[in-house]
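Me: I am new to this one. Please walk me through it in short questions and answers.

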Amino acid sequence: MDLLNTLVDKGLRRELPTREEALAVLATSDDDLLDVVAAAGRVRRQWFGRRVKLNYLVNLKSGLCPEDCSYCSQRLGSKAEILKYTWLKPDEASKAAAAGVAGGAKRVCLVASGRGPTDRDVDRVSQTIEAIKERHEGVEVCACLGLLSDGQADRLRSAGADAYNHNLNTSEGTYGDITTTHTYADRVETVQQAQAAGLSACSGLIAGMGESDDDLVDVVFSLRELDPDSVPVNFLIPFEGTPLAKEWNLTPQRCLRILAMVRFVCPDVEVRLAGGREVHLRSMQPLALHLVNSIFLGDYLTSEGQAGQADLDMIADAGFEVEGAETTTLPAHRAPAGGGCGSRDAGCGSQDAGCAPCGDAPGDAVADPGDVPAARTDLVAVRRRGAGTDLAPNA
């Protein structure tokens, strides 16, 4: 396929595809799917070999969020029967993080529901970061606390945080249809604050919310321009009790095409397979390892993932290896001289890398999905173990 040859060549040069090329990936047929995966896999191996980075989530504060994000089980007005608890103490969070590190996680992601942290919250999270770093020297810590106020990113960096996550989630044009209590611009500003403080930026998307192919390409091109070091790709988990509970729009094949498109647009960043992989990719998860170089180990914020050992077995059986703590995740042109987890010097959208700045396919260009299998609602399991409970975590 000329399209795939062109995309591989551009990916190996870190050159931005055109919008038409990105849309064409999403419009490929199921008959061409393995060719698409193989092509994007060449780009993935060029920059990351066969390494898979493991990340582990610790939900510091669950539920009762004042924001109205339609996809979220923790949102304002959510009737999802999830775990609800206030802030974990630093020693509790450190103990939860230890389970993930013991399972092979290189990065611990500390997440708290809410619009954004107060200064007291930043103090609390800073103490948690220090407790984790004292117990696990060298582990990466990423904070995900919502919208940041002036100076908060600097304080988190001073406390030892390595990265900050704040996803764009969907395109700017449709953002208001998903959330009304804050804006797309608010999210962009928070990512930029994290970058300015020297934190490695982590920002991604959620697919499966009813968006068009154009929306998906828009948000991925916006991420390329924003230039985070890691891009998590979530697939909507349609929780009962949320406005998007009936949005079952994804097939395993669709998910793989989305991941391939992200890899072609952002060839040299850490593309992370995030929430919803078990629900939507199901038995085709191993194929996704040819596209992504990072996954979450074990459970998510409010839903259960597959068993941690099953994740490790899947990686080994597919011919990949878990990335060790001594290995720098990002390619040399993105990693700082000190070997840390991220850099702003020459990102995937930088001009000196030879990349252009970044900015529904027409109806007859979209692949016919055919008969879509019935939604597997039985695969959505609310988390009842780990952080905030007395039960052992899944790691």
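**A buried salt bridge and its network**

The side chains of Lys 53 and Glu 140 form a salt bridge, 2.7 Å from N to O. A salt bridge here is a side-chain nitrogen of Lys or Arg within 4 Å of a carboxyl oxygen of Asp or Glu. This is a predicted model: local features need pLDDT of at least 70, side-chain atom pairs count only at pLDDT 80 or more, and totals for chains, interfaces and linings use all residues. Residues are numbered from 1 along each chain as its sequence is written, and side-chain values use heavy atoms, with hydrogens and water left out.

Me: How many residues apart are Lys 53 and Glu 140?
Reply: Lys 53 sits in strand β1, and Glu 140 sits in strand β3, residues 140-144. Helices (H or I, at least four residues) and strands (E, at least two) are DSSP runs, numbered from the N terminus. The pair links distant parts of the chain, 87 residues apart.

Me: Are Lys 53 and Glu 140 buried or exposed?
Reply: Buried means under 20% relative accessible area, exposed over 50%, and partly exposed in between, with a 1.4 Å probe and protein chains only. By that scale, both Lys 53 and Glu 140 are buried.

Me: Which residues are linked with Lys 53 and Glu 140 in a network of salt bridges?
Reply: The structure holds 22 salt bridges. Some of them join into a network that includes Lys 53 and Glu 140.

Me: Where in the chain are Asp 218 and Arg 19, whose side chains meet in a salt bridge?
Reply: The N to O distance of this bridge is 2.6 Å. Asp 218 is partly exposed at 30% relative accessible area, and Arg 19 is partly exposed at 28%. The two are 199 residues apart: Asp 218 is in helix α9, and Arg 19 is in helix α2, residues 19-26.

Me: Which residue meets Arg 13 in a salt bridge?
Reply: Arg 13 is partly exposed, with a relative accessible area of 47%. The side chains meet at 2.7 Å, N to O, and the partner is Glu 15.

Me: How many residues of strand β7 are buried?
Reply: β7 covers residues 230-235. On one side Ser 230, Pro 232 and Asn 234 are buried, and on the other Val 231, Val 233 and Phe 235 are buried. Both faces are covered, and the count is six of six.

Me: Which residue in β7 does Ile 206 stand opposite?
Reply: Strand β6, residues 205-207, pairs with β7 in the parallel sense over three bridges. Two strands pair if DSSP finds at least two bridges between them. Ile 206 stands opposite Asn 234.

Me: Through which helix does the chain cross from β6 to β7?
Reply: This β-α-β crossover is right-handed: with the strands pointing away from the viewer, the path from the first strand over the helix to the second runs clockwise. The helix spans residues 213-226 and is α9.

Me: Which residue in β8 does Val 233 stand opposite?
Reply: β7 pairs with strand β8, residues 270-273, in the parallel sense over four bridges. In β8, the residue opposite Val 233 is Leu 273. The chain crosses from β7 to β8 in a right-handed β-α-β crossover through residues 252-265, helix α10.

Me: What is phi of Asp 227?
Reply: Asp 227 is in the loop between α9 and β7. Asp 227 is buried, with a relative accessible area of 6%. Phi is positive in this residue, which is other than glycine, and is near 65°.

**Helix α4**

Me: How far does helix α4 reach?
Reply: α4 has 13 residues, 90-102. The expected span of a helix is 1.5 Å times one less than its number of residues. From first C-alpha to last, α4 is close to the expected 18 Å, reaching 18 Å.

Me: Which elements do the buried residues of α4 pack against?
Reply: The buried residues of α4 include Ala 93, Ser 94 and Gly 100. They pack against β1 (51-61), β2 (107-112) and α5 (119-135).

Me: Which residues does Ser 94 touch?
Reply: Ser 94 lies in α4 and is buried at 3% relative accessibility. Contact means heavy atoms within 4.5 Å. Not counting residues up to four places away in sequence, Ser 94 touches Ala 131, Ile 132 and Arg 135.
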